[in-house]
Amino acid sequence: MKQQVLVLYLATSALDSDVVGWSRYDGTGRTHPTTGDADEPPYKTGLAALQDGWRLFQASQLIPPHPGHEYDTSFLKHEFFFEKL
Amino acid sequence: MSTTKQLLTSVQVARFVAQGFLRLDGVVPQELNEDAIAALSAGIPAVSYGTPLAKAFQEDTFIHRLLALPVVAGALESLVGPEPTVDHHAVHVREPHEGSAQDLHGDAIIDVRPDAFDVQLMYYPHEVTADMGGTLSVPGSHLRRINETDIGRVQNLRGQTRLTCPAGTVVLVHHGIWHGGRRNDTGRRRYMYKIRLNPTVPQVRLWDTSDLHDPAVTAELNTYFPWYEQATARLEIHNRVLLWRALTGDDTFDIDYWVTRVTNRPALRSHA
């Protein structure tokens, strides 16, 4: 069994919020996703990926802003990792 | 063609502050594009870090002619001011059928200057079609604090720009923009010339400010992009307001009270 990984970046920390970014890595070698290869996300929400059979195995933690850096922006905050085998 | 330097308007600079880049489509004459392709194929001369732009390139080079075009010279002066220095320049080539794309990244190292920025000029001397690996860039990413390819895990973002453009297109980008060369699925080499310029003067009202109070300025600065998280999007506007204040010298400017509200610290007064 080879793992396929889907990473979804969501609009809020809720799993049923809209997808704003995405990545795919295919351990089967059948597809070769890469940077900038699509303009439309594979699912509208994180929940839609679950409904299509993807299994959630990691979600980003909710980390409070570091004092003095409350207005800094950086990586996308709401990152969810899914897999199919 | 006009020979007078064409400064940017306030609305254009506000667009740059919001999006992190400004496109000038097809502004370079075809004759110069052809000279550039020949020169890029042959290789370009090295330029030492910090060389004044005025002394960096001989007048007969395509680079000098490109940067002297009134529309290009005016846009650069509007953003980095007169007499910038050359940080570095390079030829970027996406080879035919090379199979993969660059990771999404910001250039150089993390650079969080609140009141100054470098500009990178990207020049495409030939048409770039959808499958030629035109640069991927992410509008509104330039104020996010990431270091180089640490963002490489992210492949696609809603509202990203996969550049297609006519020959002779110039894109000016803020140093912090997230970008990457896309996979070239054609049989043609895809060229891009890039030069990074450092300001040598404070970047305050360097453009044509006659439209500074046009409502369109605020509208540009208040642009939300589809990839922003709901909450972080508000911080993006807050941070743009701070940059616009730095660029205009107007520390009262605000949008929807975002900065004013969180900096309101009434002093204790005696009521005696």
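**Entry 1: chain A**

I looked up the secondary structure of chain A and found 1 helix and 4 strands. For these assignments, helices (H or I, at least four residues) and strands (E, at least two) are DSSP runs, numbered from the N terminus. I noted that this is a predicted model, in which local features need pLDDT of at least 70 and side-chain atom pairs count only at pLDDT 80 or more, while totals for chains, interfaces and linings use all residues. Residues are numbered from 1 along each chain as its sequence is written, and chains are lettered from A and ligands numbered from 1 in the order in which they are written.

Read from the N terminus, the elements of chain A follow the order β-β-α-β-β. I then took the extent of the C-alpha trace of chain A, which is about 45 × 25 × 25 Å along its principal axes.

I next looked up burial. A residue is buried if 20 or more other C-beta atoms lie within 10 Å of its own, exposed if 12 or fewer, and partly exposed in between, with C-beta atoms placed from the backbone. Chain A has 85 residues, of which 26% count as buried.

For contacts, I used the rule that two residues are in contact if their C-beta atoms, placed from the backbone, lie within 7 Å. Taking the contacts in chain A between residues at least 6 apart in sequence, I found that 63% join residues at least 24 apart.

**Entry 2: strand pairing in chain A**

Two strands pair if DSSP finds at least two bridges between them. I found β1(A) and β2(A) running antiparallel, joined by 7 bridges. Within this pair, A:L8 stands opposite A:W22 of β2(A).

β1(A) also pairs with strand β4 (residues 79-84) of chain A, in the antiparallel sense and over 6 bridges. There I located A:Q4 opposite A:K84 in β4(A).

**Entry 3: where the chains meet**

How many residues does each chain bring to the contact? I recorded 24 residues from chain A and 32 residues from chain B. On the side of chain A that touches chain B, β1 (4-10) and β2 (19-26) of chain A each supply at least two residues. The largest share of that side, 4 residues, is from β2(A).

A:W22 has B:N156 as its bridge partner in β6(B). The predictor gives the complex an ipTM of 0.98 and a pTM of 0.95.

**Entry 4: the sheet of chain B**

I checked confidence in chain B before reading its details. Its mean pLDDT (the predictor's confidence in each residue, from 0 to 100) is 95, and 97% of the residues of chain B reach 70 or more.

I traced an open sheet of 6 strands in chain B, with antiparallel pairing and the order β1-β8-β4-β10-β3-β2. β1 (21-24) and β2 (51-52) of chain B are at the edges, each with a single partner strand, so one side of each has no neighbour in the sheet.

β1(B) is joined by 4 bridges to strand β8 (residues 169-174) of chain B, and the two run antiparallel. B:R23 has B:V171 as its bridge partner in β8(B).

**Entry 5: helix α1 of chain B**

I found helix α1 (residues 10-19) of chain B lying across β1 and β8 of chain B, at about 125 degrees to β1(B). Axes here are lines fitted to C-alpha atoms, for helices over the stretch in contact, and angles run from 0 to 180 degrees between N-to-C directions.

Why is α1(B) described as largely enclosed by the rest of the structure? The reason is that 9 of the 10 residues of α1(B) are buried; I noted B:F16 and B:V17 among them. The cover over the buried residues includes β1, α5 (70-80), β8, α6 (215-221) and α7 of chain B. Just after α1(B), B:G20 has a positive phi of about 85 degrees.

**Entry 6: a loop in chain B**

I turned to the loop between α7 (230-248) and α8 (258-262) of chain B, where B:D256 is placed. B:D256 is a residue other than glycine with a positive phi, near 50 degrees. Is B:D256 exposed or partly exposed? It counts as partly exposed because it has 13 C-beta neighbours inside 10 Å.

B:Y257 is found in the loop between α7 and α8 of chain B. Phi of B:Y257 is also a positive value in a residue other than glycine, near 70 degrees. B:Y257 has 10 C-beta neighbours inside 10 Å and therefore counts as exposed.
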